[in-house]
Amino acid sequence: MSRILEKLADQHEERIINVLYKLEDDVVNEITRATKGNLVSQRLAIQLQPRLRTIIESTFLNEADLLINDDYNKIAKETLDTFGKMPIPAKFKNLTDVDLATINALKTQSFSGFEDIAERFLKVINDEVYQSTIAGRPFNDMVSNIKSHINGVYKSSNTREINELVDFVNENKFDSAKKAQVEDAVRKLHTQYASDRAGNNLRRYASQIAHDSVMQFHGQFTVAKAKEAGLNHFTYTGTLVRDSREFCVNMLNKTLTEEQIRDMWNTRSWQGKSTGDPFIVRGGYRCRHTWIPTDPAWGEETVDEVPDEPVVEEVPPPPPTPKPSIADVPIGFLLNRGSKATREEYDKDFNSQLTDQQKIIVNKLDKPQIVKNNKKGVYRARSQEVSAELNAKAGEWKSYVISHEYGHHIDYVSNDVKLVAWSESNQGFIDAINKDRRKFKGVNNPDLSGRNPDGYYVLSKDALDELFDKIGTSETKTIYSRLDPNKILTQYQRTTLNGNGYSNISDIIDALARGRFQREYSTWGHGKKYYERRGSIEKEIFANLFCLRNDKKAYDLVKTIIPNTVKEFEKRLDELEKL
Amino acid sequence: MALSEKQRMDKLFKAKTPSNFYDLYVEVFGQEFPIIETLDPNEKMELLIDAIEKNEKIKELKLGQYTNI
């Protein structure tokens, strides 16, 4: 019995998933037809609402209706067949008028679950269209967001490789032999669409409802028939899968009284337990088990002891996460493009790079005119544009690019002189850098530019060797010819960093060495040509200190390298906080 | 005088330290390795090696006066 149920539940899930692709196509086609691929106007956004409702009704809800009307009678028949084999009076084995009324009521209830979810996502899609008119969101971004609202990471794509992954998951998700490959494909899809990781899409909820409705319909009808027949013992039945809940593993094939089941339900909790009646929701969402009525008097079953609750080793609770006293500063809304999820991720990444004091400062000063989630990390002072990649990395470690570029912005907008950064014009900060540079072994040459009366100080190789050992290691990498893949072209020293933010520390050292550190150690840094630009040393050190301030390990190391500069920097932050 | 392909390949093969590679870039193209989008040294090094093998210099990222990376 359970296998038939499982098969039906899986089939329903599959049919709902398939119809969601039709829904995705129909919605996108309708919007494209109405707008001709241009930005949507507010009037058009409102006109589209009833048409989108019709599409959802004719695809998703129509399929739900077919599933319920075609197959739920089969579930009821299976239940009656089970009762037919029991040694109970014949009157309890047949379908009665009361049963028919119960079945119809349960069908209506199941359908209302699909209606609720359809209504919710119709609103989400309508909001997406309407907000696109307000925000001037490009048409293609809006379409992509709508597809994500419907099918999440499984949305159709213009990229063949992504579509192949989606097809593979859809075709094999119920094949246990391919579970590992399916999980791998799902992981790749999540990597492709990082912004959709939360998975709040119609597919997620609809497929779960399709599955659980079958099991719950069966549970409710079975328990109703059991009560009618006076049966109050139940056996927990079904099959185990790799990720079955511990509750289901322990309960499988156990026979308990209704009282024991309800008592256990009220006193225990387990991962994935859902609220509701124990005979209906069973182990929880997507549970593949059912309570089948029985009677120990038939001699086939004995009443079991309620299994002991699994002993969970006492683990001290994690220390409470201190609540940030300062609210996060939003900048995601300034992104020139990106879904709501991307904007939220951007805010999360940015704020994770700031101390409370920095958040206060960011709040006090003017925000940039525009922010771009771009691989190229740039700050343009004239247009006040911050361009920085979300979740940027330097090798395997975090690189604090968003706060680095934002640090440039703070450096400029906090200064009294337009288009001149504070760091390049503040003598205390400039002197501190020169003083810190001279802490290391080096040679003092005459300053031919005449800018620094103390001379032009050049760090020694010993000093740079020592500094490199603090931030990274190197290993030899062999490079083969692109023209002849069997021919070794050369070998070079590939650098690996020692921690998060160390690319920014490396750049501070590169600034002290005016680009020599990058060139001679092949490490992270702006390089020689960049550091020939006037003011670049001070501006980059300021931006790097700004982005490292919230990383204790990295910041502590920086303090040992440029202690005087750090003091001047902190003095500046205190001033800005009090603005 | 411009280096021949054989000379470039020989020098590339013999380069050991990062400075050897950056100096070779100057020797081949007559100018310092340019400012580019990435700060990743390993990416820079592979671009440099590729440029010398193909004898095609790397396109510089032009930065305005008030642009910081």
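Reader: Why is the link between A:R482 and B:D50 called a salt bridge?

Author: The closest N and O atoms of A:R482 and B:D50 are 2.5 Å apart. A salt bridge requires a side-chain nitrogen of Lys or Arg within 4 Å of a carboxyl oxygen of Asp or Glu, so the pair qualifies. Six salt bridges are counted between chain A and chain B.

This is a predicted model, in which local features need pLDDT of at least 70, side-chain atom pairs count only at pLDDT 80 or more, and totals for chains, interfaces and linings use all residues. Residues are numbered from 1 along each chain as its sequence is written, chains are lettered from A and ligands numbered from 1 in the order in which they are written, and side-chain values use heavy atoms, with hydrogens and water left out.

Reader: What makes a residue part of the contact, and how many residues does each chain give?

Author: Contact means heavy atoms within 4.5 Å. Chain A contributes 41 residues and chain B 35 residues.

Reader: How do you know what area the two chains bury?

Author: Buried area is the accessible area (1.4 Å probe) that two parts lose on being put together, summed over both. For chain A and chain B this is about 3500 Å², 51% of it on carbon and sulfur atoms. A:L489, A:R519 and A:K529 supply 21% of the area that chain A buries against chain B, more than any other three residues.

Reader: Which element gives the largest share of the side of chain A that touches chain B?

Author: Helices (H or I, at least four residues) and strands (E, at least two) are DSSP runs, numbered from the N terminus. β12(A) provides the largest share, eight residues.

Reader: Why are β5(A) and β1(B) said to pair?

Author: Two strands pair if DSSP finds at least two bridges between them. β5(A) and β1 (residues 67-68) of chain B have two bridges, in the antiparallel sense, and therefore meet the criterion. A:R380 has B:T67 as its bridge partner in β1(B).

Reader: Which strands of the open three-stranded sheet in chain A stand at the edges?

Author: The order is β2-β1-β3, with antiparallel pairing. β2 (255-257) and β3 (290-294) of chain A are the edge strands; each has a single partner strand, so one side of each lacks a neighbour in the sheet. β1 (residues 233-237) of chain A is joined to β3(A) by five bridges, and A:H233 stands opposite A:T294 in β3(A).
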